[in-house]
Each structure stands twice: as structure tokens, then as C-alpha cells.
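Please read them alongside the structure.

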Amino acid sequence: MAQKRKPKLAVWKFASCDGCQLSLLDCEDELLAIAEAVDIANFPEASRAITRGPYDISLVEGSITTPHDEERIHKIRRRSKYLVTIGACATAGGIQALRNFKDVNEFISIVYANPEYIKTLNKSTPIADHISVDFELRGCPINKRQLVELLNALLNGRKPNIPSYSLCIQCKRKGNICVMVAHGTPCLGPVTQAGCEAICPSYNRGCYSCFGPKETPNTKSLSDVYSQMNISGDEIVRMFRGFNAYAEPFRKESEAHEK
Ligand code: SF4
Ligand code: SF4
């Protein structure tokens, strides 16, 4: 009897540090089951073997920063049935999107000895600004358990069970004492999407939102609380300008406090 074809999985990299795609290799306990369930067809971090597309699932890491990236992502979209973006770079432009608030040519002239060799766009943008995306998996890096859940859902034709509510919910479920209420430590938890199990507040630190904005975050209300805590407008700008600075709600909130 002919063997059923395994779905083809491809992993693609744009401007990024590789940490999110390495989360797939970090799935030690589940990796063999994943390799059983899919044909890992394109994953240069794991293997030199490449199988030609089309692909059933493409995981895309990184942001679009060059004219070449802009062309390549359209080709990948055309060859992918499901295309999922993974991590803060792919879903929000990443830490490299801090340049979007300044003149990129100024950075190039300072950083590179021969700026004429640099071909870059003036903004670092998320993948969804260029093509349609089937799902966005947040985090810097992503949570490997959420990645396994996502792959499982796609392979079984169901909706991924990945929450869009705030980090505060995970934090309260863990029984943490709120660092904002108890110590006056600023925390972005109320506007951050859950996913990390509230690591930072569990160690008495405020969250700096590596998972990016939750669904419909009330950033204005949180900034009002920060102002009542005597946190300056400049500090509020810096708080919203982290890994997810160019995610729309955070971008707008930081711009509202810029002098
Ligand atoms: S510590 Fe942060 S994440 Fe936890 S409940 Fe307080 S504001 Fe929310
Ligand atoms: S608590 Fe916030 S900053 Fe810390 S890991 Fe979680 S999302 Fe990232």
C-alpha cells in the first residue's frame, strides 16, 4: 500500500537572531514526534537537505528590512499552504524596528565604514505588512509549548489553543504578588499577551513585554497609572519601545509621550 505523504514543513529566516526557529530544536521531548509527523523540508539550522516546495506549513522568523526580503516573502507565500510568523521580529518588526523612529541613513553612516554597500529599507516591518499571514505566534523568543500546540493544531485541522488575554491572568493564576501594586515596579503585564507563564513577575521583576500587545490592550490607561507613579513621559516612551516597539498599540502609545 502506498505510504501517505507527510506534510512538508519549512522554516524561513529574515532579519532576526535565529532564537525563535531554534525553539523548534529545543522541543527535545517532542522533536521525534514532530519529525515523525512532518517532512522537515527546509530548515537550514537543522539540516542541509532541502526538499522543493510547495510546503504545507511555513514558519517564518524575522522582519522585512531589505528590498530582497520584500521579494522573497512573496515567493514563500505563494509556495505555502499555511504561513505562520514566529517571534517579535516577524510579528512586530523586532528590536531592529527602533530605527523606524529615526533616520536609518544616519545610523548607516555612523555604523558602516562603507555605507555605499548597504542596501536597506528605511523601516523594519512585520511580515503581515507585506503578505497575508495565517497565524502570528508571539514572543522573544516564542514559547516552545505554544509552537508544539500550533503545529499540532495545523496538522489536525483545528484552531490553535493559544490565548490572546493578558499576562496578568497567568501571573495571578501562579499566585504571584503584583509587583506594581506591592512595590511600585512598573510592569507591562496588563497590556502584554500571555505566553511566558509570567516569568519576570515570578522573580519580582516588571514585565517588559517580550510577547507584545495582547488583544485590544488599554495602553493609555496603563500609561495613566505610570504617570500617577511619577514615571516620566521619557521613561514611558522607553518602556513601550522594546522588542515590540513597532506593534501598532505600543508604537502609538510611545509616540503619544514623545516630546
Ligand atoms: S505583576 Fe505585572 S503581570 Fe503580574 S499582575 Fe501585576 S501587573 Fe500583571
Ligand atoms: S514577563 Fe514579560 S518580559 Fe518577562 S518573559 Fe514574560 S513577556 Fe517577557
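**Notes on the predicted model**

1. Ser166, leaving aside neighbours within four places in sequence, is in contact with Gly189, Pro190, Thr192, Ala194 and Lys214, contact meaning heavy atoms within 4.5 Å. The residue sits in the loop between α6 (144-155) and α7 (167-173); helices (H or I, at least four residues) and strands (E, at least two) are DSSP runs, numbered from the N terminus. Ser166 counts as buried because its relative accessible area is 8%, where buried means under 20% relative accessible area, exposed over 50% and partly exposed in between (1.4 Å probe, protein chains only).

2. On conventions: this is a predicted model, in which local features need pLDDT of at least 70 and side-chain atom pairs count only at pLDDT 80 or more, while totals for chains, interfaces and linings use all residues. Residues are numbered from 1 along each chain as its sequence is written, chains are lettered from A and ligands numbered from 1 in the order in which they are written, and side-chain values use heavy atoms, with hydrogens and water left out.

3. Overall form. The chain contains 12 helices and 5 strands. Along the principal axes, the C-alpha atoms fill a box of roughly 70 × 55 × 25 Å.

4. Burial, contacts and surface. Of the 259 residues in the chain, 46% are buried. Taking contacts between residues at least 6 apart in sequence, 71% join residues at least 24 apart.

5. Charge. There are 33 positive and 29 negative side chains, and the centres of the two sets lie 4 Å apart. Lys and Arg count as positive and Asp and Glu as negative, without His and the chain ends; each charge is placed at NZ of Lys, CZ of Arg, CG of Asp or CD of Glu.

6. Thr85. This residue belongs to strand β4 (residues 80-86). Is Thr85 buried or exposed? With a relative accessible area of 0%, Thr85 is buried. Beyond residues up to four places away in sequence, Thr85 touches Val60, Ala90, Thr91, Ile127, Val133, Phe135, Glu136 and Leu137.

7. Aromatic pairs. The count comes to 4, where rings of Phe, Tyr and Trp (its six-membered ring) pair if their centres lie within 6.5 Å, and planes under 30 degrees apart count as stacked, over 60 as edge-to-face and the rest as tilted. Trp12 and Tyr55 form an edge-to-face pair, 5.5 Å centre to centre with 75° between the planes. Trp12 lies in strand β1 (residues 8-13) and Tyr55 in strand β3 (residues 55-61), so this pair ties together parts that are 43 residues apart in sequence. Both Trp12 and Tyr55 are buried.

8. A second pair, Tyr208 and Phe243, is tilted, at 6.0 Å centre to centre and 50° between the planes. Tyr208 is in the loop between α9 (199-202) and α10 (219-228) and Phe243 in the loop between α11 (233-240) and α12 (248-256), 35 residues apart. Tyr208 is partly exposed at 41% relative accessibility, and Phe243 is partly exposed at 25%.

9. Met180. Helix α8 (residues 179-183) holds Met180, which counts as buried at 15% relative accessibility. Its contacts, not counting residues up to four places away in sequence, are Thr185, Pro186, Cys187, Pro190, Leu222, Tyr226 and Met229. Met180 and Val225 are 45 residues apart in sequence and 9.8 Å apart in space, C-alpha to C-alpha.

10. Backbone points to check. Most residues other than glycine have a negative phi, and most peptide bonds are trans. The bond from Gly53 to Pro54 is cis, with omega near 5°, and Pro54 is in the loop between β2 (39-42) and β3. The bond from Cys140 to Pro141 is also cis, with omega near 0°; Pro141 is in the loop between β5 (135-137) and α6.

11. Positive phi. Ala198, in the loop between α8 and α9, has phi near 55° and is buried at 0% relative accessibility. Asn230, in the loop between α10 and α11, has a positive phi of about 65° and is exposed, with a relative accessible area of 70%.
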